[in-house]
Structure formats: structure tokens, C-alpha cells
Amino acid sequence: MYKVLLRPFFFLFDPEKIHYFTFSLIKFTSKIPGFTSVFRSLYKVDDVRLERNLFGLTFKNPVGLAAGFDKNAVLYNELANFGFGFIEIGTVTPKGQAGNPKKRLFRLKDDQGIINRMGFNNEGLNAAIAQLKKNKGKLIIGGNIGKNTDTKPEDYTQDYLECFNALHPYVDYFVLNVSCPNVGSHAKLNDKDYLEALIGAVQSANNTFKKQKPILLKIAPDLNNTQLDEIVELVAKTNLDGVIASNTSTDRSNLKASDALLQNIGNGGLSGQPIKEKSTSVIKYLSSKSQGTFPIIGVGGIHSAKDALEKIEAGADLVQIYTGFIYEGPSLIKQINKAILLKEK
């Protein structure tokens, strides 16, 4: 129904406007008696064989929603009814910020991709916490954190620490987002020495809590092998809990979209099918180079159960969807979970 009826209608409108309309629609239908039961019966797969135990957490299934969809943690309770095993909120920054000027979200229909340059638009830390206090405990929640755009380089770490300390009671794991291509002045975040210092500072803060929370690093899909080697070394040196591979890409190679269209769109991070192979390659390299010594969450171009299985076979312990969720609809979650069960028989 989604691909035949809803998606053609949704795709008639501006991507960002329809995103918020969809949120309102899900909120509204979820309040109608019986509808949440319908959603769960249509999309959820409950099977103990789908459970995954990673960094001290038990995931009901390995299919999650990537950060960027529910930035302000306003819809995670409702989205849980679609069968996700975990949902990552954010990216959250200390202060609310408008992000980059609109128009900043674009569909590449022929490529089944999306280009965005949102710029960490979110309502800020306090707004996210207010929403997370409404958590009904349906599934694991990750907190994706970043810095404000106007923060000076010498204060980057403080932004991450402010988010980490405030969100600590409300999320199950953290993701340090240092690889988004849509935030100005982020060069320092790609520096190995600074990353080591940032991770160390966040881990020191983590140790002040009675119960520590897992900390993961989200990396770009455009890293070369030398840079990926550095990531493996960094994880080993800092005892990070895992890596999310990968974020969006700045590469525009081999797209069906015309040069004129791409030039008109301009800069931004590319997600969806066009980065599928690149993301899978990064996962495979990290898993092989590290000999599987740390968990990997695979994301990038998952539009089918086959795509998800490829990520898992490459070395991903969990997978996340975002653009595939927009193009394929909520049935994708069920398809992936059923395919995993079939493979495990």
C-alpha cells in the first residue's frame, strides 16, 4: 500500500514539508483506538532468535532507524510500533538551531537517493530531554550528539560533553557524530588527535556515572584505507564500544541524475542506494582489519532485505535504515527481520 498509494502522493510535495506532515499523520493515527495494534500486527516480528546482545544491551531485533529522522525525539514511541529493534534520535546539539537555509533536502528519484544539507537543525538539548521523559520503554534508544554550528573550535568538546551529561539518564547508547558533511567548520572533527582527545573526555564523563553507557563513533563512507586503519587503531586505543558505518557521502560518482540537476541542488550529503556499495565496503574493511574485535552498525543504501543481509555478511552486527524507509516504507523492517530468520534456519 505504501509504495502504490502513499509514496506517489508524498513525493508530489517538498521533501522537508512532507517529512513533518508524515510525523503529524503518524501521531494522529496512533491516537486512534486500535491503530497501534494494527501497525504492530502488520510490521512487527517477535522472535527470540532476532535478539542481539551488544555492548551490554539486548536489542529485540537488529533493525534500527538511523539518526536524522526523529531529530527531536518526538516520534520514537509511535515508530516503535513499526517493528524497529532500536531508534537513534538526533543529532542533538546543546542549543536549538535552525540549520542551513532552505531548500536543503532533495530526492534523487532515479537513483533512489536523497541529498541533504540540513545542518544539524534541531530544537536543542532541553527539548529532546522533555520528549525522552515520555519514553514508554518499548525499545532501545540511541542518542546521536554533535556540536552547535557557531561553536568555536576550542569549545567543540564542551558541546559534546554538555549533550552527553544531560542525555545520559535518558538514552541507552551514544553516538559521536563527527562525520556529517553539512556542518561548517568541522575539519577539526576529522583530526585523529582531536578525536582521541574528544573520546577520552567523553569516556571520562561516562565514568562519573554509576552505570556507564556505550559510546560509538559515526564515520564517513568516503574514508580511504589509510584513514580506516586509523579508525581501527583509534577504537583499540580508546576502547570505544563500536562504530557506525556510515554517514552520508559527498561523492557524486555514477549517479543517474543529470549534471544539471546535481549542480542545481549543490552541496550536501548523499544517502540511499548510491552509497550502498561504498558503505558495505567500509564495513567489510573495518571488520576484516579489526578481526571483528568491535561491533559495527551498518547503514547506507539498505532498500531491501538483500541489502541488509549484505551488510551483515560484510561484518555488521546491527543495521539501520533511513532513506530506504522513505522509499520502501515500514514493510522493509519486517522483510529484513524475516530474511534474517530464514537465513538462520
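Phe-120 lies in the loop between strand S7 (113–116) and strand S8 (122–124), where strands are DSSP runs of E with at least two residues and helices are runs of H or I with at least four, both numbered from the N terminus. The phi angle of Phe-120 is near 55°, a positive value in a residue other than glycine. Phe-120 is buried, at a relative accessible area of 7% (buried: under 20%; exposed: over 50%; partly exposed: in between; 1.4 Å probe, protein chains only). The model is predicted; local features require pLDDT of at least 70, side-chain atom pairs count only at pLDDT 80 or more, and totals for chains, interfaces and linings use all residues. Residues are numbered from 1 along each chain as its sequence is written, and side-chain values use heavy atoms, with hydrogens and water left out.

A positive phi, near 35°, also occurs at Phe-55, in the loop between strand S1 (52–54) and strand S2 (57–59). Phe-55 counts as buried because its relative accessibility is 18%. Two cis peptide bonds were examined as well. One runs from Gly-90 to Thr-91, with omega near 15°, and Thr-91 is placed in strand S4 (residues 86–92). Another joins Ala-245 and Ser-246, with omega about 15°; Ser-246 is in the loop between strand S12 (242–245) and helix H9 (259–265). Most residues other than glycine have a negative phi, and most peptide bonds are trans.

The protein chain contains 13 helices and 15 strands. Its C-alpha trace spans about 50 × 50 × 40 Å along the principal axes. Of the 345 residues, 57% are buried.
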